[in-house]
Amino acid sequence: MADTEELIDELAGLTLFADLSRPELAGVAHTLEEEWYAEGQRILREGLSGTGFYVLLEGEVSVRLGGDELARLHRGAFFGEAAILLGELPGADVVAAGRVRVVNLAGPAMKNFLMRHPNVMYRMLQEQTRRLRSANRWRR
Amino acid sequence: MVVGMTMTSAQKAQSLARVSLFAGLTDGSLGALAELAGEVEFSDGDSIVIQGQVGTGLFVLVSGAARVMRGSDELARLVPGEFLGELAVIDRMPRMATVFAVGPTTCLALASWDLFRQVDMDHDLVHSLLRGLALRVRQLSEQHSH
């Protein structure tokens with residue numbers, strides 16, 4: 001396990017947390033749980049409860065629906081937030097493509113976390129906008 | 001496009017409360033947005049936003065209808081309670097489509113700079129925008145998979 005200082009450094013390097021001060025990052029590092037997944041392990045399962053918000057620290061994950069890969073996410077990407085925000089079940093599977101390390105926050109804790117760190121929420125909003133633009137681009 | 005003057009702040013707040021993007025906002029937050037919202041009237045065929053232009057605001061349809069066009073493709077029809085221009089407000093990139101009024105149409109317009117200032121002060125608003133966009137992403141991916 002990375003020690004806290006290392007984890008803070010790692011989080012500081014991600015766009016999502018780019019606006020946070022060192023003390024704020026320390027708070028975030030304490031709040032989030034580190035988890036590891038092996039190749040092929042499902043982190044989120046479509047239609048299954050037990051949601052969480054995840055930020056990818058190492059490795060890649062594949063977002064899959066019915067056997068098709070919808071997207072591949074890399075270091076710094078986040079997932080799982082939509083189901084929590086909407087109060088719905090995950091809309092897709094998220095599967096580890098190789099060894100993966102994430103930090104995780106339990107669903108019910110997310111709103112509090114975001115309200116405490118509005119800059120993180122704003123970064124998420126920007127990323128969501130980018131996703132929506134690329135989804136729109138392919139729409140006919 | 002004509003600036004309308006008929007809606008009271010309370011009526012504006014009521015119209016904004018119907019919009020999914022603002023779902024779950026407190027009356028205080030809605031009231032603050034209503035104070036910032038301008039009423040704008042369009043005639044049939046007027047463009048509300050134009051593809052390629054940098055967006056300066058978010059529009060909420062209050063009455064009438066609108067069609068979302070990219071080139072000659074109609075992407076969507078909008079009815080009262082729906083919104084447009086939300087992405088350009090956040091990322092200040094060019095508009096992705098042109099939106100035309102269908103029949104006489106009234107919108108509430110929220111200027112980007114006003115919305116930005118509000119977002120800075122009102123974290124509930126950011127949360128509700130995030131939720132609104134998550135809903136759009138999910139609706140789009142559902143359209144793709146069906």
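**Strand pairing, packing and selected residues**

In chain A, strand β3, residues 52-65, pairs with strand β6, residues 93-106, in the antiparallel sense, and the pairing runs over eleven bridges. Before I go on, please keep in mind that this is a predicted model. Arg64(A) has Asp93(A) as its bridge partner in β6(A).

β3(A) has other pairings. With strand β4 of chain A, residues 68-73, β3(A) forms five bridges, again in the antiparallel sense. On that side, Arg64(A) stands opposite Glu69(A) of β4(A). So which residues does Arg64(A) face across its bridges? Asp93(A) in β6(A), and Glu69(A) in β4(A). The hairpin of β3(A) and β4(A) has two residues between the strands, and there Gly66(A) takes a positive phi near 55°. Then there is strand β5 of chain A, residues 78-79, which runs antiparallel to β3(A) and is joined to it by two bridges. Val55(A) has Phe78(A) as its bridge partner in β5(A).

While we are on β6(A), take Val95(A), which lies in that strand. Is Val95(A) buried or exposed? It has 20 C-beta neighbours inside 10 Å, and the threshold for buried is 20 or more, so Val95(A) counts as buried. Setting aside neighbours within four places in sequence, Val95(A) is in contact with Gly40(A), Arg42(A), Val61(A), Ser62(A) and Arg64(A). Met121(A) is 26 residues from Val95(A) along the chain, and their C-alpha atoms are separated by 25 Å.

Over to chain B. Strand β4 of chain B, residues 57-70, and strand β5 of chain B, residues 73-78, pair in the antiparallel sense over five bridges. Arg67(B) has Arg77(B) as its bridge partner in β5(B). β4(B) and β5(B) form a hairpin with two residues between them, and Gly71(B) in the turn has a positive phi of about 60°.

Now the helices. Two packed helices are described by the angle between their axes and by the distance between those axes. For helix α1 of chain B, residues 9-17, and helix α2 of chain B, residues 27-36, the angle is about 115° and the axes are 8 Å apart. The crossing of α1(B) and α2(B) is right-handed. From α1(B), the contact takes Ser9(B), Lys12(B), Ala13(B), Leu16(B) and Ala17(B), and from α2(B) it takes Leu30(B), Gly31(B), Leu33(B), Ala34(B) and Glu35(B). By class, the residues of this contact are six nonpolar, two polar and two charged.

Leu16(B) comes up again in the core. The largest nonpolar core has 80 residues, and Leu16(B), Ile48(B), Val60(B) and Leu130(B) have the most contacts inside it. What does Val60(B) touch, not counting residues up to four places away in sequence? Ser15(B), Leu16(B), Val19(B), Phe83(B), Cys107(B) and Leu108(B).

Next, the contact between the chains. It takes 25 residues from chain A and 21 residues from chain B. On the side of chain A that touches chain B, α3 (81-86), α4 (110-116) and α5 (118-137) of chain A each supply at least two residues. The largest share of that side comes from α5(A), with 14 residues. By class, the side of chain A has 13 nonpolar, five polar and seven charged residues.

Three residues of chain B to finish. Gly45(B) sits in the loop between β2 (38-42) and β3 (47-49) of chain B. With 10 other C-beta atoms within 10 Å, Gly45(B) is exposed. Gly45(B) touches Phe100(B) and Ala101(B), not counting residues up to four places away in sequence. Ala101(B) is 56 residues from Gly45(B) along the chain, and the C-alpha atoms of the two are separated by 5.2 Å.

Arg92(B) is in the loop between α3 (86-91) and β7 (98-111) of chain B. It has a positive phi of about 55°, although it is not a glycine. Arg92(B) has 12 other C-beta atoms within 10 Å, so it is exposed.

Last, Asp124(B), which lies in helix α5 of chain B, residues 123-145. It counts as partly exposed, with 16 C-beta neighbours inside 10 Å. Leaving aside neighbours within four places in sequence, Asp124(B) is in contact with Leu25(B), Thr26(B) and Ser29(B). Asp124(B) and Ser29(B) are 95 residues apart along the chain, with their C-alpha atoms separated by 7.9 Å.

Methods. Residues are numbered from 1 along each chain as its sequence is written. Chains are lettered from A and ligands numbered from 1 in the order in which they are written. This is a predicted model: local features need pLDDT of at least 70, side-chain atom pairs count only at pLDDT 80 or more; totals for chains, interfaces and linings use all residues. Two residues are in contact if their C-beta atoms, placed from the backbone, lie within 7 Å. Helices (H or I, at least four residues) and strands (E, at least two) are DSSP runs, numbered from the N terminus. Ala, Val, Leu, Ile, Met, Phe, Trp, Tyr, Cys and Pro count as nonpolar, Asp, Glu, Lys and Arg as charged, and the others, Gly among them, as polar. Axes are lines fitted to C-alpha atoms, for helices over the stretch in contact, and angles run from 0 to 180 degrees between N-to-C directions. A crossing is left-handed if the near helix is turned anticlockwise from the far one by less than a right angle, and right-handed if clockwise. Two strands pair if DSSP finds at least two bridges between them. A nonpolar core is a set of buried Ala, Val, Leu, Ile, Met, Phe, Trp, Tyr and Cys residues joined through C-beta atoms within 7 Å.
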